[in-house]
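Please consider the model shown here.

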Amino acid sequence: MSGGTCVRCGGRIAALQKETVVREKARQLSDQTSYPVIYRMLKGIVLCGICLDALPLIGHDICQRCGRDMEYQTCIGKEGLCRDCVHGEDGQILVANRSLLRYEEGEKDLLGLFKYRGDERLASYYGTLLSITVQRFFRSIGITCITTVPLHPQRLRERGFNQVDLLARHLGVATKIPVRPLLRRTKDTPKLSKQRGRVSRQESMREAFAWDGNNMPCVSKILLIDDIYTTGSTLRSCARTIREHMGPSCEIYSLTIYR
């Protein structure tokens with residue numbers, strides 16, 4: 001993509017400069033089977049070589065439940081879980097979460113620009129990151145439906161759109177998996193970043209969602225999309241509501257840009 005503009009730094013994307021980084025990152029994120037697909041997605045992503053190289057990619061050593069990068073964490077238990085998942089509640093509500101990037105300081109401004117302005121180029125950029133994550137972690141498990149974490153109607157009116165719906169739309173096109181709205185938000189909870197402590201977040205999300213998928217056919221594996229996995233309280237609350245209506249045989253996985 002020579003002559004395009006990088007969504008992160010605003011600089012020109014030079015194809016030759018970017019090619020070496022694309023090959024390196026594709027090898028890092030793929031195996032022999034998925035390399036061609038991930039290579040093509042990285043080559044088309046609207047990043048220059050420098051910004052692509054600087055992405056805080058989550059490594060191979062991760063918590064097997066929440067997907068946290070374990071490089072700087074202490075693993076507890078034989079199951080390969082992080083401390084939070086060892087001591088957490090409702091461990092089986094979500095089979096697993098997977099993310100592509102660590103939520104570091106440099107990522108917050110760009111995500112905020114997307115969440116509150118809905119720039120279509122950023123929707124394509126983040127949608128591609130999610131597509132890469134599916135190829136990296138979920139391509140062989142047979143996902144049959146994609147759904148999203150809904151916004152409360154008041155927040156949706158203020159913002160004008162749900163950024164996660166934009167991401168799901170891109171992901172659905174890339175993966176050819178149907179996207180279906182299954183939930184509505186019944187509680188206008190404070191932003192999780194403004195709530196103190198894990199217990200407070202868990203309580204705020206209790207019964208925060210209601211079922212809204214009355215015409216939903218029976219499916220076996222659902223992929224639940226959000227932008228960030230912080231404590232997992234939002235995703236688990238959504239998954240709990242889905243399981244109540246779809247039954248215990250329905251497996252629910254979650255996918256986020258950041259962990």
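The description begins with the basis of the model and then turns to its parts.

This is a predicted model, in which local features need pLDDT of at least 70, side-chain atom pairs count only at pLDDT 80 or more, and totals for chains, interfaces and linings use all residues. Residues are numbered from 1 along each chain as its sequence is written, and side-chain values use heavy atoms, with hydrogens and water left out.

Helices and strands are DSSP runs numbered from the N terminus, a helix being H or I with at least four residues and a strand E with at least two. The axes of helix α6 (residues 120-138) and helix α8 (residues 163-175) approach to within 8 Å and cross at roughly 50 degrees. Axes here are lines fitted to C-alpha atoms, for helices over the stretch in contact, and angles run from 0 to 180 degrees between N-to-C directions. The pair α6 and α8 is therefore oblique; angles under 35 degrees count as roughly parallel, over 145 as roughly antiparallel, 65 to 115 as roughly perpendicular and the rest as oblique.

Contact means heavy atoms within 4.5 Å. On the α6 side, the residues that meet α8 are Glu-120, Ala-123, Ser-124, Tyr-126, Gly-127, Leu-130, Ser-131 and Val-134. Their counterparts in α8 are Leu-166, Leu-167, His-170, Leu-171, Ala-174 and Thr-175. By class, the contact of α6 with α8 has eight nonpolar, five polar and one charged residues. In this classification Ala, Val, Leu, Ile, Met, Phe, Trp, Tyr, Cys and Pro count as nonpolar, Asp, Glu, Lys and Arg as charged, and the others, Gly among them, as polar.

Helix α6 also holds Thr-128. This residue is buried, with a relative accessible area of 17%, where buried means under 20%, exposed over 50% and partly exposed in between (1.4 Å probe, protein chains only). Leaving aside neighbours within four places in sequence, Thr-128 is in contact with Met-41 and Ile-45.

How many disulfides does a search of the whole structure find? The search finds zero, a disulfide being a pair of cysteine sulfur atoms within 2.5 Å. For Cys-6, the closest cysteine sulfur is that of Cys-51 at 3.7 Å, too far for a bond. Cys-9 is likewise in no disulfide, and the nearest cysteine sulfur, in Cys-48, is 3.8 Å away. Cys-6 is buried at 3% relative accessible area, whereas Cys-9 is partly exposed at 47%.

Lys-176 has a positive phi of about 60 degrees although it is not a glycine. Most residues other than glycine have a negative phi. The relative accessible area of Lys-176 is 73%, and the residue is exposed.

Tyr-229 lies in the loop between β7 (221-228) and α10 (233-246) and is buried, at 7% relative accessibility. Not counting residues up to four places away in sequence, Tyr-229 touches Cys-66, Asn-97, Leu-235, Arg-236, Thr-256, Tyr-258 and Arg-259. Tyr-35 is found in helix α2 (residues 35-44) and is partly exposed, with a relative accessible area of 22%. Beyond its neighbours within four places in sequence, Tyr-35 is in contact with Arg-23, Ala-26, Arg-27 and Ser-30.
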